[in-house]
Amino acid sequence: MADRRSSWTKYFMDIAYLVAERSTCLRRKVGSVAVRDRHILATGYNGAPSGVPHCLETGCLRQKLGIPSGQRHEICRGVHSEQNIIIQAAAHGISLRGAELYCTTFPCFICSKMLINCGITKIVVAESYPDELSLGILREAGVDVMRYDRGSDTLTGIDARS
């Protein structure tokens, strides 16, 4: 029996998880891959801005203050993986209009607004995130949002009850 090739979704999600290994966040390691026509445009992971000490060195202010996941993003020194994809694409002159995003974790509300504005048409995620506003605005903008199950290599649509 011949070996089966990985699906494109598994391929890109596996890369997103590999990218997440570069994360310097103490609370959640997130990786993302932007893809158009099955070609990788940019990757991103969450961590401190370039040239700034990482949370691994400084500690996590949100953790020290007991702030729950999904809240008070403005005091986090880290840049989200989705934000880093947008920054990397812009720095290298790459448009994300019409691209798909494969992300280990569902984007927060701030990242969702940014992804909408740069023209991402589809988002595939494996893990949830406690931000109730994200899915609503993505739906309003017509972005296709799918959940990927790594164990079964399947995609399902995400609705407001998920």
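## Cysteines

In this predicted model, the sulfur of C25 lies 6.0 Å from the closest cysteine sulfur, which belongs to C55, and this is too far for a bond. C76 also has its closest cysteine sulfur in C55, at 5.7 Å, again too far for a bond. With a disulfide taken as a pair of cysteine sulfur atoms within 2.5 Å, the count comes to zero. C25 is buried at a relative accessible area of 19%, whereas C76, at 24%, counts as partly exposed; buried here means under 20% relative accessible area, exposed means over 50%, and partly exposed covers the range in between, computed with a 1.4 Å probe on protein chains only.

Because the model is predicted, local features need pLDDT of at least 70 and side-chain atom pairs count only at pLDDT 80 or more, while totals for chains, interfaces and linings use all residues. Residues are numbered from 1 along each chain as its sequence is written, and side-chain values use heavy atoms, with hydrogens and water left out.

## Nonpolar cores

A nonpolar core is defined as a set of buried Ala, Val, Leu, Ile, Met, Phe, Trp, Tyr and Cys residues joined through side-chain atoms within 4.5 Å. The largest such core has 25 residues, and those with the most contacts inside it are L96, L101, F106, I120, I123 and V145. At least two residues of this core come from each of strand 2 (39–45), helix 4 (81–91), strand 3 (100–105), helix 5 (109–117), strand 4 (122–127) and helix 6 (132–140); helices (H or I, at least four residues) and strands (E, at least two) are DSSP runs numbered from the N terminus. Helix 4 gives the most to the core, with three residues. In soluble globular proteins, nonpolar side chains tend to be buried together.

What surrounds I123 once its neighbours within four places in sequence are left aside? Its contacts, meaning heavy atoms within 4.5 Å, are then L101, P107, L115, L138, V143, D144, V145 and M146.

## Aromatic pairs and a charge over a ring

Rings of Phe, Tyr and Trp (its six-membered ring) pair if their centres lie within 6.5 Å, and planes under 30 degrees apart count as stacked, over 60 as edge-to-face and the rest as tilted. By this rule there are four aromatic pairs. The rings of W8 and F12, with centres 5.7 Å apart and planes at 25°, are stacked; these two residues are four apart in helix 1 (residues 8–20), so about one helical turn separates them. W8 is partly exposed, at a relative accessible area of 38%, while F12 is buried, at 1%.

F12 also pairs with Y102, where the ring centres are 5.2 Å apart and the planes stand at 40°, so this pair is tilted. The pair links distant parts of the chain, since F12 belongs to helix 1 and Y102 to strand 3, 90 residues apart. Both F12 and Y102 are buried, and together with W8 and Y11 they form one aromatic cluster. Elsewhere, R150 lies over the face of Y17 at 3.6 Å from the ring centre; a charge sits over a ring if NZ of Lys or CZ of Arg is within 6 Å of the ring centre and within 35 degrees of the ring normal.

## Helix 6 and its two sides

The buried residues of helix 6 are S134, L135 and L138. They lie on the same side of the helix because they cover an arc of only 90° around its axis, where the arc is that of the directions from the helix axis to the C-beta atoms. Helix 5, strand 4 and strand 5 (144–149) are among the elements that cover these buried residues. The face turned away from the buried side carries the exposed residues E132, L133 and E140. After helix 6 comes G142, whose phi is positive, near 80°.

Most residues other than glycine have a negative phi. D37 is exposed, with a relative accessible area of 66%, and R38 is exposed at 53%.

## A buried arginine

R62, which lies in helix 3 (residues 61–64), counts as buried at 8% relative accessibility. Apart from its neighbours within four places in sequence, R62 is in contact with R27, I67, P68, S69, G70, Q71, R72, I75 and C76.
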